[in-house]
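Hi,

Here is the structure you asked about. Please look it over alongside the notes below.

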Amino acid sequence: MKYLLINRFQFPHESILMLTDDQTDPVKLPTKKNMRAALRWLVQGCRPGDSLVFHFAGHGSQKTDHSGDEVDGYNETLWPLDYKAQGVIVDDEINSTIVNPLPRGAKLHAVIDACHSGTALDLPFLCRMNRWGKYAWEDHRPVSDAWTGTSGGEAFSFSGCDDHQKSKDTMALSKVETTGAMTYSFIQAIEHGQASTYGSLLSAMRSTILKAEVKTKATDLISSFRSTISSVNTKAKAPDIISSLLDVIASEIDFSSAQEPQLTTNQPFDVYKKPFIL
């Protein structure tokens, strides 16, 4: 992501703050304290014309919402390195820290590669897109009328999956190493010229991840086929073998749980007409 920001979008080196769990400097570790400080740093002194990016690749979860403001009854959370001792970071806090203060003329893009991250920024509108690219905006504004928008700026969040889903790491995409499927698909869509609009970017990401899911399941299915064939009595009739293979197909092919990247924002718009500009 850092390479993309610097080389594709000309973000200055000094404008990027990274927290990673392989650091020796304790200030650069993604602890709860450091992550909170980094979020505050991101919007500090933000002015019209500024473009902010928040990228998180790690663990996410849900916890029961007791305020009644969440549509599904759960807050989304991000896990810092020391979450066991210090706890998680809740979407309400992320929203109040980097979304609410965003002034008119400023822009924020979040790329959240984590489980249960669909509404991780608590933005009020979610783009519900099906696998054929048709979409509709869902209203996620709190029933309490609590303000979850900006102070006039634009905020967009691309997440790895829906709130009830899990994001995955996979080798089916890079072919070289295990990567976060969502982060990889986001970068690839931009590099391959598939990000002219927010809709084309989201659609390309979802297509890339679904194809990777198909490839992974197909590989597993072939292994199951081989196992089934080897376990079938050599004297069995062909229809019996075919029946066994069909049983494997029925039990293995199910894409209903495949992760689906989501887009949320502070204001609805035509996703296929609005240019994607980071």
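A residue counts as buried when its relative accessible area is under 20%. Cys161 has a relative accessible area of 0%, so Cys161 is buried. Cys115 is at 17% relative accessibility and therefore counts as buried too. Keep in mind that this is a predicted model.

On disulfides: a search of the whole structure finds zero. The cut-off is a pair of cysteine sulfur atoms within 2.5 Å. For Cys115, the nearest cysteine sulfur is that of Cys161, 5.8 Å away. Cys161 is likewise in no disulfide, and its nearest cysteine sulfur belongs to Cys115.

Next, the sheet. Three strands form an open sheet in the order E2-E3-E4, and the pairing is antiparallel. Strand E2 (60-64) and strand E4 (89-90) stand at the edges. Each has a single partner strand, so one side of each has no neighbour in the sheet. E2 and strand E3 (residues 74-78) run antiparallel and are joined by five bridges. Gly60 has Leu78 as its bridge partner in E3.

Then the helices. Helix H2 (residues 32-43) and helix H4 (residues 91-99) have axes that come within 8 Å and cross at roughly 30 degrees. Angles under 35 degrees count as roughly parallel, so H2 and H4 are roughly parallel to each other. H2 makes the contact with Arg36, Leu39, Arg40, Leu42 and Val43. From H4 come Glu93, Ile94, Thr97 and Ile98. By class, this contact of H2 with H4 has five nonpolar, three charged and one polar residue.

Best wishes

Key. Residues are numbered from 1 along each chain as its sequence is written. This is a predicted model: local features need pLDDT of at least 70, side-chain atom pairs count only at pLDDT 80 or more; totals for chains, interfaces and linings use all residues. Side-chain values use heavy atoms; hydrogens and water are left out. Two strands pair if DSSP finds at least two bridges between them. Helices (H or I, at least four residues) and strands (E, at least two) are DSSP runs, numbered from the N terminus. Axes are lines fitted to C-alpha atoms, for helices over the stretch in contact, and angles run from 0 to 180 degrees between N-to-C directions. Angles under 35 degrees count as roughly parallel, over 145 as roughly antiparallel, 65 to 115 as roughly perpendicular and the rest as oblique. Contact means heavy atoms within 4.5 Å. Ala, Val, Leu, Ile, Met, Phe, Trp, Tyr, Cys and Pro count as nonpolar, Asp, Glu, Lys and Arg as charged, and the others, Gly among them, as polar. Buried means under 20% relative accessible area, exposed over 50%, partly exposed in between (1.4 Å probe, protein chains only).
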